[in-house]
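Visitor: Please show me the model. I would like to ask about the labels used for it.

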Amino acid sequence: MKFTFRKVKKLLLAAALICCAVIFASCGATVDTEFTADSNFAGTRVITLTLSNRDLSEYVPGGRTSIEATIKKYMPDCLSYTITEGDDNLVCKFTLAFTGIDDYKAKVAKVLAAEKDDPITGEIEYENIGSPFKASLKLNENFSSMDLIGWLRYGLQQDGVVTENDTSNWFENGNTKVTIGGTEYRSYNNISVDESVYNTPDEIVVKTYFLTNGNFDRTVDFYFSNDTLTSLSEQGVNVENHFKESTPAATVEKTTNDYQTIYHVGLTGLTAEQ
């Protein structure tokens, strides 16, 4: 095989890029996230930093002692931590415990604000609806666990534990595991869960009839497809009984055709206050 100068140059460049990728991939702490919350949104967010002992000895002359001193100095009080040292790695675990969504938002804001160089404002969207007609779980964040340890990166630089260049290359996002209400969801570095199931009517028609005495009658027609009714039935939901139980003063009738069922819910003699 004949090699030209251009081909050799390309091969050398490719080899150099591979070497750089290997070097940088092997340096620094991997940041893993395990988020767990129950149906009331009480739980923990555990951020695990894993640093090889080789990198520890190369980049941190003070070793574990200097890192732990920085943690104690800069860590927000809503976090707790543990450090374990094995044959190959130093593992730091930071735990953010919360009792509900409001508590979680407040503590996240406090942790993000502890990063003094360039703090970000956390945005958290949460929705958990358990109705048989609409089951929706959403949890979306505009930050990652890397942002939640910004205070540590800042402290390491301020205390001179590692150089600024080393610190910027020292952290990389690892795995993110999210479990809510006992169900595990796939997510990325910025937590993003959006699971929705809709068993809603295809159409709702409301008609109001005004009476001479100032009151009025009202009918509401709910159009359900057969597929939607089957899905609700599998969850143990009887739509007709649901309307009767939720609106006992109303009359409930139904008509069917080949592809849908229409529930007619009627109320009579309503006043303006109703």
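**Rings and helices**

Guide: Phe35, Phe41, Phe98, Tyr104 and Tyr126 form one aromatic cluster. This is a predicted model, where local features need pLDDT of at least 70, side-chain atom pairs count only at pLDDT 80 or more, and totals for chains, interfaces and linings use all residues. Residues are numbered from 1 along each chain as its sequence is written, and side-chain values use heavy atoms, with hydrogens and water left out.

Visitor: How many aromatic pairs does the structure hold?

Guide: There are 14 aromatic pairs. One of them joins Phe94 and Trp151.

Visitor: Why is the pair of Phe94 and Trp151 called edge-to-face?

Guide: Rings of Phe, Tyr and Trp (its six-membered ring) pair if their centres lie within 6.5 Å; planes under 30 degrees apart count as stacked, over 60 as edge-to-face and the rest as tilted.

Visitor: What makes helix 3 oblique to helix 6?

Guide: Helix 3 (residues 63–74) packs on helix 6 at about 120°, with the axes 9 Å apart. Angles under 35 degrees count as roughly parallel, over 145 as roughly antiparallel, 65 to 115 as roughly perpendicular and the rest as oblique. Therefore helix 3 is oblique to helix 6.

Conventions:
Axes are lines fitted to C-alpha atoms, for helices over the stretch in contact, and angles run from 0 to 180 degrees between N-to-C directions. Helices (H or I, at least four residues) and strands (E, at least two) are DSSP runs, numbered from the N terminus.
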